[in-house]
Every structure is written in structure tokens, then in C-alpha cells.
Amino acid sequence: MTQRSKVAVLGGGAWGTALAVTSLRAGHEVSIFARDAETVEAINQRRENPRYLPGITLDAGLKATSDVGAALEGAECILSVIPAQATRGVLQEVAPLIGADAKLVLCAKGIERGTGKLLSQVVADLAPQARVAALSGPSFATDVARGLPTAVTIAAQDGELAAELAQLLSSSTFRCYSSSDLTGVELGGALKNVLAIAAGATAGAQLGASAQAAMVTRGFVELRRVGAAFGAQAETLMGLSGLGDLILSCGSEQSRNFAYGMALGRGENLDGRPLAEGAATAEIAARIAREKGIEAPIIAAVDQLLKGGITIHQAVAALMARPLRSEHDETQP
Ligand SMILES: NC(=O)c1ccc[n+]([C@@H]2O[C@H](COP(=O)([O-])OP(=O)(O)OC[C@H]3O[C@@H](n4cnc5c(N)ncnc54)[C@H](O)[C@@H]3O)[C@@H](O)[C@H]2O)c1
Ligand SMILES: O=P(O)(O)OC[C@H](O)CO
């Protein structure tokens, strides 16, 4: 086991709570910052987070607070688990509290809608002193909180930092690989959410398992094209944080993005559904692809579908009518 450290978790939602539990199991002191008092009280008094992880009894020793300063005090490692679109707002507030040596691990999956920035770029704007990393890979919060095994990737430009964090956060049920391809890991996590919506929409419209597999496979081509344009390594996109998470999220209704897509494909009302990060990332991902001249028709179709500009049947008809080509004739970047 690694040396005991203090880990602070920003965000008392499903993933923040699951990562707090897994950090505790890795032998650390853990403090969760949750903004709502009921969540803090439920974690501290009843060892549960009924709003975000109903039915799961949390490990003893987990602490939560709505005082962000108290959560961060003395923390060597900070896990940022605030939804991607809210990350800037929270970091703006907490940046002065982040020490120069603090390791800041981004655990949300998305691209900032207004700026097109990856979350590590948002950190560079607001807390350039932080030693930034990203954690991503196939990992449903409920599975992780229940202690079911999985493996993820922790990436930092500084490969030694990534390896240190992988050591720090791994436990017998949570295996962390390290990588120095921060961009690749961030992009894989953000884009798989958009593709999970596409896969879910295909399933919701009952277009068949074959269509779903074709959608995911061609979607993965788009993910790799966008990744290549950003300088991501192909191996990263083929790994846990790319293909691994895509397989998970495009094949299970446990994925909120897939479930969101299913509702979209069935023509249901989408108001009030649980967080689906892909819905916020789709538009900016489609815009980035367009501006960089990257062919990404599935990502563009998800964007249009979400805006109500087309139906799933129109989207699929348009995809099927595209000019025929060699599967591997990649003239695209
Ligand atoms: N749930 C999962 O299985 C899972 C797994 C891996 C990654 N993720 C990623 O983790 C991120 C968070 O997802 P989640 O499942 O925890 O979402 P969630 O909806 O369960 O929880 C989000 C949490 O963020 C808090 N929050 C939102 N805006 C805030 C703000 N401005 N200030 C303070 N707190 C704020 C909410 O109060 C809530 O506690 C997402 O990017 C998601 O893609 C989720
Ligand atoms: O429920 P989703 O779709 O947000 O997916 C959760 C995780 O990202 C799966 O790895």
C-alpha cells in the first residue's frame, strides 16, 4: 500500500462519492466538498448519498463538508468531480486555495461549451500552479462504489506525476494505469459521451443491434480523427479511456448518456433527466470538427438531433446516403 495522504474531492455527486470511497479504500484520509447540506449530512451521519447513489452503504470514515476550504486544507491530491460545464465556476472560487504542489486530478468528461477548451486548459487559465492530471476510463460510479473491479487511466503531461497518482489511487478493485497523453485521455472521455448518445438513440428508435454496432464503430473512427487532429496518441484512444469507455457507455442503459440517447430515439421529453455530459459536449465537438475540416457526420448528427433539427430516422437516412468509400481510405486528418 502507498503512503497515507489527504485526498479532497470536489463534488458530492455519484462519481465524486464513488471516487471518495475508492480513495478511502486505497488507504487515504478523504474529505468531500458537496455544496448541498443534505448530501453532507447523509454522508456524515448515515453513510449514504441517497440522491446520487441510492441504495449503497458507504464505507465508514468518509467525511463530507460544504466548506470547500476545510475540504482542501492539507490535501496533497484534489479530485475535481464537478460536471464539465461547471468546472470553471468552481475552480474560479477554489484556485486561490490550491497550493503550488497540489496534484489536481480532473475526473469530469467533457469539453467546455463556450470556449472549446479541454478541462486541463481551463485549469491552465485559472490555477496554473496546479500539477494537473486527468482520470478516465470505463467506470460506472455505482460499480466502483460497490467495490466491483475496474481499470482506468490517469494521465498527466508529466509521466512521473501520472505514475505517482496511479500508485496513490489504486486499490485491489480500482486499477489505475498511467499515461503521459493528457489530451488523448481527456478527449476520449469527452467524445465517448457524444457517441453514447448516438448509440442510445439508435437503440431507442429500435433500429437493431447491427445498426448500433455500426454506429459505435464509425463513431470511433470520428473520435480517432478528432483525437489525431489534437495530437492524441492512437494507442491512448484504443485504450481504457477511449475504446474501453466507449464499449461501456455505448452498450449499457446504466450509462446516463446512452439512456439519454434512448429517450431521444424514442421521442421522449428530455427535461429533468440525470446529467448527460455528451448533450453539452455535442455542439462544441461538432463545431470543432467543422472548423478543423474533420469529417465527423455522427457527431454532427447528434448535435442536430439534440437541437431538434432532425429526427433519428432522418439522421440515419442521411448517414446511409453518404458517398460510398473504402473503409480505411482516411484522407481525413
Ligand atoms: N457517474 C458516473 O458513473 C461517472 C463515471 C465517470 C465519470 N463521470 C463524470 O464525472 C462528472 C460528474 O458526474 P457525476 O456522476 O458525479 O454527476 P452527478 O450529477 O451525480 O453529480 C454532480 C455533482 O456536482 C455538483 N455540482 C454541480 N455544479 C456544481 C457547482 N457549481 N458547484 C459545486 N458543486 C456542483 C452537484 O451538486 C453534484 O453533487 C461528469 O463529468 C461525468 O461524466 C461520471
Ligand atoms: O453514465 P455516463 O454515461 O455519464 O457514463 C459514466 C462513465 O463515464 C462511464 O465510464
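Is helix 14 (residues 297–307) mostly covered or mostly uncovered? Helix 14 is mostly covered, since eight of its eleven residues are buried. The model is a predicted one, in which local features need pLDDT of at least 70 and side-chain atom pairs count only at pLDDT 80 or more, while totals for chains, interfaces and linings use all residues. Residues are numbered from 1 along each chain as its sequence is written, and chains are lettered from A and ligands numbered from 1 in the order in which they are written.

- A residue is termed buried if 20 or more other C-beta atoms lie within 10 Å of its own, exposed if 12 or fewer do, and partly exposed in between, with C-beta atoms placed from the backbone.
- Helices (H or I, at least four residues) and strands (E, at least two) are DSSP runs, numbered from the N terminus.
- The buried residues of helix 14 are Ile-298, Ile-299, Ala-300, Ala-301, Val-302, Asp-303, Leu-305 and Leu-306.
- The cover over these buried residues includes helix 8, helix 9 (209–229), helix 12, helix 13 (277–291) and helix 15 (312–320).
- Gly-308, with a positive phi near 80°, follows helix 14.

**Leu-191 in helix 8**

- Leu-191 is a residue of helix 8 and counts as buried because it has 31 C-beta neighbours inside 10 Å.
- Beyond residues up to four places away in sequence, Leu-191 touches Leu-223, Val-226 and Ala-285; contact requires C-beta atoms, placed from the backbone, within 7 Å.

**Ligand 1**

- Ligand 1 is surrounded by 26 residues, of which Gly-13, Ala-14, Trp-15, Ala-108 and Ala-141 are the closest; a residue is near a molecule or strand if its C-beta atom, placed from the backbone, lies within 6 Å of it.
- Helix 1 (14–25) and helix 4 (84–94) each supply at least two residues of this shell, and helix 4 gives the most, with four.
- The shell around ligand 1 holds 15 nonpolar, seven polar and four charged residues.
- In these classes, Ala, Val, Leu, Ile, Met, Phe, Trp, Tyr, Cys and Pro count as nonpolar, Asp, Glu, Lys and Arg as charged, and the others, Gly among them, as polar.

**Ligand 2**

- Among the 13 residues around ligand 2, Ser-139, Asp-245, Ser-255, Arg-256 and Asn-257 come nearest.
- Two or more residues of this shell come from each of helix 8 (182–204), helix 11 (240–249) and helix 12 (256–265), and helix 11 gives the most, with three residues.
- Ligand 2 lies between domain 1 (6–180) and domain 2 (184–320), because both give residues to its shell; the domain bounds come from an automatic or database domain assignment.

**Positions listed in UniProt**

- An unreviewed UniProt entry places the feature "binding site" at Trp-15, Arg-35, Tyr-52, Lys-109, Ala-141, Arg-256, Leu-275 and Glu-277; UniProt positions follow the numbering used here, feature names are shortened, and annotations may be inferred rather than shown by experiment.
- Lys-109 lies in the loop between strand 5 (103–106) and helix 5 (119–126), and it counts as buried with 28 C-beta neighbours inside 10 Å.
- Leaving aside neighbours within four places in sequence, Lys-109 is in contact with residues including Ser-136, Asn-193 and Glu-277.
- Arg-256 is found in helix 12 and is buried, with 23 other C-beta atoms within 10 Å.
- Apart from neighbours within four places in sequence, Arg-256 is in contact with Pro-274, Leu-275 and Ala-276.

Technical notes: Contact = placed C-beta atoms within 7 Å.
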